[in-house]
Number of protein chains: 2
Amino acid sequence: MAGKATIAIIGGTGALGAGLGRRLVGAGHAVLIGSRSAAKAEDAASTLAANATGTRPRGAANAEAAKSADIVFVTVPWASHAAILDEIAPHVAGQLVVDTTVPLVPPRVARAQMPPEGSAALATQRRLGTGVRVVSAFHNVAAHKLQTDEAIDCDVLVFGDDPKDREAVVGLARDAGLRGIHAGALANSVAAEALTSVLIGINRAYKVDGAGIRITGINGT
Amino acid sequence: MAGKATIAIIGGTGALGAGLGRRLVGAGHAVLIGSRSAAKAEDAASTLAANATGTRPRGAANAEAAKSADIVFVTVPWASHAAILDEIAPHVAGQLVVDTTVPLVPPRVARAQMPPEGSAALATQRRLGTGVRVVSAFHNVAAHKLQTDEAIDCDVLVFGDDPKDREAVVGLARDAGLRGIHAGALANSVAAEALTSVLIGINRAYKVDGAGIRITGINGT
């Protein structure tokens, strides 16, 4: 994954998608904002272009964005996860899909509620099929922090069954100003997904707005 | 949970139990090491007494240790978890049980493999029944570090449905020299349990021997 990739951000009109978009255009990647509506995607791309420094993002309908990208981020609410995967599924064979989805079930978003597959990441792999390379990451970073240029005191746990695919996403985390960490197989994604509910609860209990996590004992990475 | 509690450590002959025992006797708690064999428990208590500074631990068979304690730690391998819970179940009605169990399934211990109940903690609650107060904690701290007096760069996520019970265990973490954090309902325990497999994998991938976790953004706790 040398050089700059073309990256689609499916659900790029949301807070996490906008934050990732901002950081990735800043790093020089070609970013395609995807939405169910091409018009909304183009609006979001214009807003991002006006507020970020870097390459000029473009907007497109989800399928078109996915088709044109090397790497496809999925940053959608759990409630629309399955439907949006079905939209992009015909267009991502052989591509690298980076799922950031946390299976939050309102109103109890501070309670871990994993789907029958064990995690959103495993549900994604099952839905897209084994021909699609799935990595999951960016579950624990506060979206509103990604939308700034500030340093973020949070690691990005990267899960995937292929170390090369994980390494590509560790590199994208670095591009976004974060430390990415090889966190093992896709089956381990449940750790970070459940941790998001833990962090939401910690934000409430400790009256803070951006609790995060760090892996200790691997300094120098 | 004011003052010093009598604490049983079921599975106290293992590495994690011995480490917790060391730290808790150092804090002045009365510690009862439990094992399936009373003789082995007494041996482990003698070894602990010889190597730790603090109150004098005693050893007893699991049921006897559980019966005599205010707080019952469960520090047993996943393979013997159900059988040992059945041993202590008749003796812990109304008591606080602190489960530290991670459902590791050898040989793939770096892969999260949650039980059908969703986590070891939820399996424990189901097995002991709703009359027993269950908290889970201490999943991510390296046992060999607890067996020393060194500072440990790792937080203790504490899960439980009753905030008062969680607070008691946050206090015990503090007594053990660690920062305990209210991490929400028992259902959230899956986060820390799965994270242990992540940390085992990180230890291998990054060639370190004690990766841990810290919650960021709540400084001053």
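Q: What makes S1(B) and S2(B) paired strands, and do they run parallel or antiparallel?
A: In this predicted model, 5 bridges join S1(B) to S2(B). Pairing needs at least two bridges, so the two strands count as paired. They run parallel. Thr6(B), for one, stands opposite Ala30(B) in S2(B).

Q: What makes strand S2 (residues 30-35) of chain B mostly covered?
A: In S2(B), 5 of the 6 residues are buried. A buried residue has 20 or more other C-beta atoms within 10 Å of its own.

Q: How do you know that S2(B) also pairs with S3(B)?
A: There are 4 bridges between them, and they run parallel. The cut-off is at least two bridges, so this is a pair. In S3(B), Ala61(B) is the bridge partner of Ser35(B). The chain gets from S2(B) to S3(B) through helix H2 (residues 38-51) of chain B, again by a right-handed β-α-β crossover.

Q: What joins strand S1 (residues 6-10) of chain B to strand S4 (residues 71-74) of chain B?
A: 4 bridges do, and the strands run parallel. Ile7(B) has Ile71(B) as its bridge partner in S4(B).

Q: Why do S3 and S8 of chain B stand at the edges?
A: The open sheet has 8 strands in the order S3-S2-S1-S4-S5-S6-S7-S8 (chain B), with mixed pairing. Strand S3 (58-61) and S8 each have a single partner strand, so one side of each lacks a neighbour in the sheet. Neighbouring strands of this sheet are turned by 25° against each other on average, direction ignored.

Q: How do you know that strand S9 (residues 212-216) of chain A pairs with S9(B)?
A: 5 bridges join them, and the strands run antiparallel. Arg214(A) has Arg214(B) as its bridge partner.

Q: What makes up the contact between the chains?
A: Chain B brings 36 residues and chain A brings 36 residues. On the side of chain B that touches chain A, H8(B) gives the most, with 9 residues. By class, that side has 22 nonpolar, 11 polar and 3 charged residues.

Q: What makes Val72(A) and Val72(B) stand out in the largest nonpolar core?
A: Of its 158 residues, these two touch the most other members. Beyond four places away in sequence, Val72(A) touches residues including Ala8(A), Ile10(A) and Ile88(A).

Terms used:
Residues numbered from 1 in each chain as written. Chains lettered and ligands numbered in written order. Predicted model: local features only at pLDDT ≥ 70, side-chain atom pairs only at ≥ 80, totals over all residues. Contact = placed C-beta atoms within 7 Å. Nonpolar A, V, L, I, M, F, W, Y, C, P; charged D, E, K, R; others polar. Core = buried A, V, L, I, M, F, W, Y, C linked by C-beta atoms within 7 Å. Buried ≥ 20, exposed ≤ 12 C-beta atoms within 10 Å, placed from the backbone. Axes fitted to C-alpha atoms, helices over the stretch in contact; angles between N-to-C directions. Right-handed = clockwise from strand over helix to strand, strands pointing away.
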